[in-house]
Amino acid sequence: MEATAPTLSRKAQIDQTATALFRTRGFAATSMRELAEALGLEAGSLYSHIKSKQELLHRICFRLADDFFAGFAAATHDAAEPAALQLRRAIESHVRVLTQDVAASAVFLHEWRHLSEPARTDFLALRERYEAGFRLLIQRGIEQNDLRTPDAAFATLTLLASLNWLPTWYKPEGKLPPSEIAHRLADQLLLGLANS
């Protein structure tokens, strides 16, 4: 007997379809009519499920933000561990979040600019808080003499920019699983920071 894939709720179908359209067409260029057509709905009936495109973008961006923060918290929960080890796990967690839903990751990384206020300001504050966590880890690694860089802020931006390029080239059907990509990226990025 074949296992059947679970049927998505209407909300999940809308989110998934909107995410795919926002990724391929961009948020601004995607209309509610196109979204309704892609779902096989009348435009009017779509509004019985959601209020606006903004609601969808908000849900995508803040759901991913929650995932990034949860992964970072799990990677850094033991303050007694060396910062370099926590940084490795934080990098690997970041890659896992990016690869678990590549379309949502691409929307999160590029379409957040279309969030309306106050969501846009809230999103930027979350992004700064997340980056600050990486800066702190790198700074602690320098103080523990495990990492070396003249500028922890610059190292953080370089590291996250390198990781956030992943949704543009990662293919779920590719030969490397996400865990191996995470391991290789962590090795590569930490090698440049290692105090050898």
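Author: Gladly! In the protein chain, 69% of the contacts with a separation of 6 or more join residues 24 or more positions apart; a contact here means heavy atoms within 4.5 Å. This is a predicted model, in which local features need pLDDT of at least 70 and side-chain atom pairs count only at pLDDT 80 or more, while totals for chains, interfaces and linings use all residues. Residues are numbered from 1 along each chain as its sequence is written, and side-chain values use heavy atoms, with hydrogens and water left out.

Reader: How many helices and strands are there in the protein chain?

Author: The protein chain has ten helices and zero strands. Helices are DSSP runs of H or I with at least four residues, strands are E runs of at least two, and both are numbered from the N terminus. The C-alpha trace spans about 60 × 50 × 25 Å along its principal axes.

Reader: What makes S93 count as buried?

Author: S93 has a relative accessibility of 5%, and buried means under 20% relative accessible area, with exposed over 50% and partly exposed in between (1.4 Å probe, protein chains only). S93 therefore counts as buried. This serine lies in helix α5, residues 83-100. Beyond its neighbours within four places in sequence, S93 is in contact with G71 and F72. Across the protein chain, buried residues make up 42% of the 196 residues.

Reader: Why does N145 count as exposed?

Author: At 53% relative accessibility, N145 is over the 50% limit, so N145 counts as exposed. N145 is found in the loop between α7 and α8. Its phi is near 65 degrees, a positive value in a residue other than glycine.

Reader: Where is P118 found, and how do you know which peptide bond is cis?

Author: P118 is in the loop between α6 and α7. The bond from E117 to P118 has omega near 5 degrees and is cis.

Reader: Back to the helices: what makes α4 roughly antiparallel to α5?

Author: Their axes come within 8 Å and cross at roughly 155 degrees. The axes are lines fitted to C-alpha atoms, for helices over the stretch in contact, and angles run from 0 to 180 degrees between N-to-C directions. Angles under 35 degrees count as roughly parallel, over 145 as roughly antiparallel, 65 to 115 as roughly perpendicular and the rest as oblique. The angle is over 145, so α4 is roughly antiparallel to α5. The crossing is right-handed: right-handed means that the near helix is turned clockwise from the far one by less than a right angle, left-handed that it is turned anticlockwise. Among the residues that meet are G71 and F72 in α4 and S93 in α5.

Reader: Which members of the largest nonpolar core touch the most other members?

Author: They are L35, L46, L87, I91 and F134, in a core of 58 residues. A nonpolar core is a set of buried Ala, Val, Leu, Ile, Met, Phe, Trp, Tyr and Cys residues joined through side-chain atoms within 4.5 Å. The largest share of this core, ten residues, comes from α4. Leaving out residues up to four places away in sequence, L35 touches I14, T17, A18, L21, L46, I50 and L56. In soluble globular proteins, nonpolar side chains tend to be buried together.
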